[in-house]
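Dear colleague,

I am handing over the structure we discussed, which follows directly below.

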Amino acid sequence: MPIALIDYGAGNLTSVRKAFAAVGADLFVPATPAEVDDATAVVVPGVGHFGATRALGEEWVSTILARVGEGRPLLGICLGMQWLFEGSEEAPDCAGLGLMAGQCYRLRPSTSSGPRTPDGVERRIKIPHVGWNAIELRRDASLVDGVPSGAQVYFTHSFVAPVTGDAVAVSEHGEPFAAIVQRGHVAGVQFHPEKSGEVGLTILRNFVELAG
Amino acid sequence: MLSKRIIACLDVRDGHVVKGVNFEQLRTAGDPAELAARYNAEGIDELVILDITATLERRRALADTIRSVARELFIPLAVGGGIRTEADAEAAVEAGADKVSLNTAALADPSLITTLARRYGSQAVIVAVDAKRDGDGFAVYARSGQATANRDAVDWAREAEDRGAGEILLTSIDRDGTKVGFDCVLTADVSRAVSIPVIASGGAGTLDHFVEVFTRGCADAALAASIFHYAETSARGLKEHLRQRGIPVRL
């Protein structure tokens, strides 16, 4: 059951492959769009700038969309999830896949030192949003089988996708944003499941099951 | 609310974990992969491998150490100490590091921060700032605390952020290994001056030192080595204490 891991030069694929291997899935990195034809499912990882998705070009995009159109599961991770949407203010001239409605946008930092909690912790919002934060489940979806609401996962990003009907889980950093999205066999996670301990591995295992 | 992170640091020399006081008097603390697995099981949020190997030949073993630590680890792993060039960073990332930490090399050539941030993203670039009290301010030191960099810690942290750093790893040389507590003045000064996360390091000795650095020190994360290596406390024990004191943590 080969799952294609799309490499567009945005970051390192080692840890994603390693985490999928830990849940029993072998990922291959297609060298050409034609090689995606053999894949039972597609994973789009990524860190960095939305504009980096441009490196894939029209042929990759049409191949990925064609496979998704045939019902093969797609998982976008971090930037890969944002790419599922129509676009991002990070690179306004660069279109997303448009599989989900909405534009991605930048989180807003709080300017000065924020108010403190009663226990003395400053509530300042720093950007990027880096670290472990809780996800609140909004509805059932196959991707979150066995994941409790309130589970913590590892984020590192400055841009977010809007909370729409596709949101399965929401997190917040100054404002709520989509942490997990799923519509049928198309899914995305804003955090890094490959760096989120057991919770992350459970989500990857759920995707592998979706891929059959 | 974003959790405050607890990060365990493995100071590695020639493939073994060691720990010193004020950057000197090293003693051995165990095998890196074994310690990493233990910390992971105890719920540590992140690991840092700091390579303090003296010679270039022995430094080649670093990639093996990273690989052995990363093998069964599904939390973020940062590597620092021996990253002087883009090629060093590439070797660390390919061996399994999610982030590289720059110190002396960034002071010598600050454009390295931007080069690596463009290539791997800012989230993969930590700038480590080793600082020592100097009058009313804090002076930056290079080469493992051996040489003054003639820079103010707050100014240098701001510049690192502007050049693309994703996090600041801030170590108080005065407090390193002393167990008298983090330098909360240093940490708060730097944390307020930048908008990227600041990891406080140097001086952890008691559970309440962590409470202080997350409140008075405005730290986003805290790093410690000895307090975990010698099993004085576990990450879980520490986090339970923090939660009781109202600090948001991942448990």
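Chain B is built from eleven helices and twelve strands, and please keep in mind while reading that this is a predicted model. Along the principal axes, its C-alpha atoms fill a box of roughly 45 × 40 × 35 Å. Of the 251 residues in chain B, 55% count as buried, and among its contacts between residues at least 6 apart in sequence, 64% join residues at least 24 apart.

One helix of chain B is described here in detail. In α6, which covers residues 111-120, the residues B:Leu112, B:Ile113, B:Leu116 and B:Tyr120 are buried. Viewed down the axis of α6(B), the buried residues fall within an arc of 105 degrees, and therefore they line one face of the helix. The elements of chain B that cover them include the helices α4 (86-95), α5 (104-108) and α7 (153-162), together with the strands β6 (99-102) and β7 (125-134). Just after α6(B) comes B:Gly121, which takes a positive phi of about 90 degrees.

Turning to the interface, 32 residues of chain A are in contact with 31 residues of chain B. On the side of chain A that touches chain B, two or more residues come from each of α1 (14-22), β7 (129-134), β9 (152-157) and α4 (197-211) of chain A, with β7(A) giving the largest share, five residues. By class, this side of chain A has eleven nonpolar, 16 polar and five charged residues.

With best regards

Conventions
Residues are numbered from 1 along each chain as its sequence is written. Chains are lettered from A and ligands numbered from 1 in the order in which they are written. This is a predicted model: local features need pLDDT of at least 70, side-chain atom pairs count only at pLDDT 80 or more; totals for chains, interfaces and linings use all residues. Helices (H or I, at least four residues) and strands (E, at least two) are DSSP runs, numbered from the N terminus. A residue is buried if 20 or more other C-beta atoms lie within 10 Å of its own, exposed if 12 or fewer, and partly exposed in between; C-beta atoms are placed from the backbone. Two residues are in contact if their C-beta atoms, placed from the backbone, lie within 7 Å. The arc is that of the directions from the helix axis to the C-beta atoms. Ala, Val, Leu, Ile, Met, Phe, Trp, Tyr, Cys and Pro count as nonpolar, Asp, Glu, Lys and Arg as charged, and the others, Gly among them, as polar.
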